[in-house]
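Good morning, and thank you for making time for this presentation. Please turn to the sequence and the structure, which I shall now put on the screen.

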Amino acid sequence: MGAVVARGADAFDTQTAALALASLCLYHGGMALNDAVDAQIDTEQQRGRPIAGGLVSRSAVLRVAIGLLTIGVAIAVGVSWALASWWPALLGVAIAVAVTLYNTPLKRTALGPVLMGACRALNALLGCGTAVTGGVAWLLAPGVFGYVAGLTWFARDEAIAGSRGRLMAGFATSVVGLAWLGVAPWVVSVGRWPAADGGTWLLLWCVTTLWVARGAVAAILQPTPQRVGRAVGIGVQAIVLIDAALAAGYAGPFAGLAVLSCLPVAMLLGRSIPPT
């Protein structure tokens, strides 16, 4: 998504493929590190998690996490060297640092959602490659950050549900992020206007917001672990829908469909691997 927003439909090239691989390593390295750090909590609250369930040792997961984060940064540095630009390397290192900071005691503080939002925003900018400068960063980063920070806030302590006030605040923050992505074309210039007309574009973001709201509102009205967990799953899967909308708007329907094709895969996998 970051690549096609920054560079258009011509972004399907080796640079994007390499940065996508770096993103996968950094993302899954962060997921592994998260499980390693939360092993004790998962033992008490979510015995189905791999470490808590005895399927893998914590030390093995830590080695995988460190290895994936290192490989992700190395790939980003390699892209920087090949393109003679320090942006991919800088963003790769920044993501690794944000991931590591998130998986410290800061995770349980008010900085936790901020760091998770930063991870996602930096990841979107990593896809932009050398075209990250200028308007595209302001187009993507605030909206992606706001949506994911709000979703993370909403999901805090999802295994035991939580306060209705926090759920409302998290949902409101995510909606603000979505609103920015919808109105950003009127505020920030990246050289291309969304392919759809203004009315259709705004309708698309209203539909996307309603997709997220269908689970969040139910959880706010009745904050049980089951409803909050379902809302978080919907919110995580909606990231694909958000990325597809941006890709379609700035690079045409082919790019949008390419991203959207991940949604049914995510929904099917979500039946056996709960999104969280």
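This is a predicted model: local features need pLDDT of at least 70, side-chain atom pairs count only at pLDDT 80 or more; totals for chains, interfaces and linings use all residues.

For what follows, a residue is called exposed when its relative accessible area is over 50%, and buried when that area is under 20%.

Setting aside neighbours within four places in sequence, L260 is in contact with V240, L241 and A244. The C-alpha atoms of L260 and A248 are separated by 9.4 Å, the two residues being 12 apart along the chain.

I turn now to the charged pairs. Side chains of opposite charge can pair when their charged atoms come close. How many salt bridges does the structure hold? There are three.

One of them joins the side chains of R7 and D13, with an N to O distance of 2.3 Å. R7 has a relative accessibility of 23% and so counts as partly exposed. D13, at 28% relative accessibility, likewise counts as partly exposed.

Another salt bridge is formed by the side chains of D38 and K107, at 2.4 Å from N to O. D38 lies in the loop between α2 (14–37) and α3 (39–45), while K107 lies in the loop between α5 (87–102) and α6 (111–128), so this pair ties together parts that are 69 residues apart in sequence. Are these two partners buried or exposed? D38 has a relative accessibility of 9%, and because the limit for buried is under 20%, D38 counts as buried. K107 also stands at 9% relative accessibility and counts as buried.

D38 forms a salt bridge with R108 as well, and here the closest N and O atoms are 3.4 Å apart. This pair, too, links distant parts of the chain: D38 is in the loop between α2 and α3, and R108 is in the loop between α5 and α6, 70 residues away. R108 has a relative accessibility of 45% and therefore counts as partly exposed. Taken together, D38, K107 and R108 are linked in a network of salt bridges.

The loop that holds K107 runs between α5 and α6, and I close with the packing of these two helices. Their axes are 9 Å apart, and the helices pack at an angle of about 160 degrees. Angles over 145 degrees count as roughly antiparallel, and α5 and α6 are therefore roughly antiparallel to each other. Their crossing is left-handed. On the side of α5, the contact is made by P88, L91, G92, A94, I95, A98, V99, L101 and Y102. On the side of α6, the contact is made by G112, L115, M116, C119, L122, N123, L125 and L126.

That concludes my presentation, and I welcome your questions.

Technical notes. Residues are numbered from 1 along each chain as its sequence is written. Side-chain values use heavy atoms; hydrogens and water are left out. A salt bridge is a side-chain nitrogen of Lys or Arg within 4 Å of a carboxyl oxygen of Asp or Glu. Buried means under 20% relative accessible area, exposed over 50%, partly exposed in between (1.4 Å probe, protein chains only). Helices (H or I, at least four residues) and strands (E, at least two) are DSSP runs, numbered from the N terminus. Axes are lines fitted to C-alpha atoms, for helices over the stretch in contact, and angles run from 0 to 180 degrees between N-to-C directions. Angles under 35 degrees count as roughly parallel, over 145 as roughly antiparallel, 65 to 115 as roughly perpendicular and the rest as oblique. A crossing is left-handed if the near helix is turned anticlockwise from the far one by less than a right angle, and right-handed if clockwise. Contact means heavy atoms within 4.5 Å.
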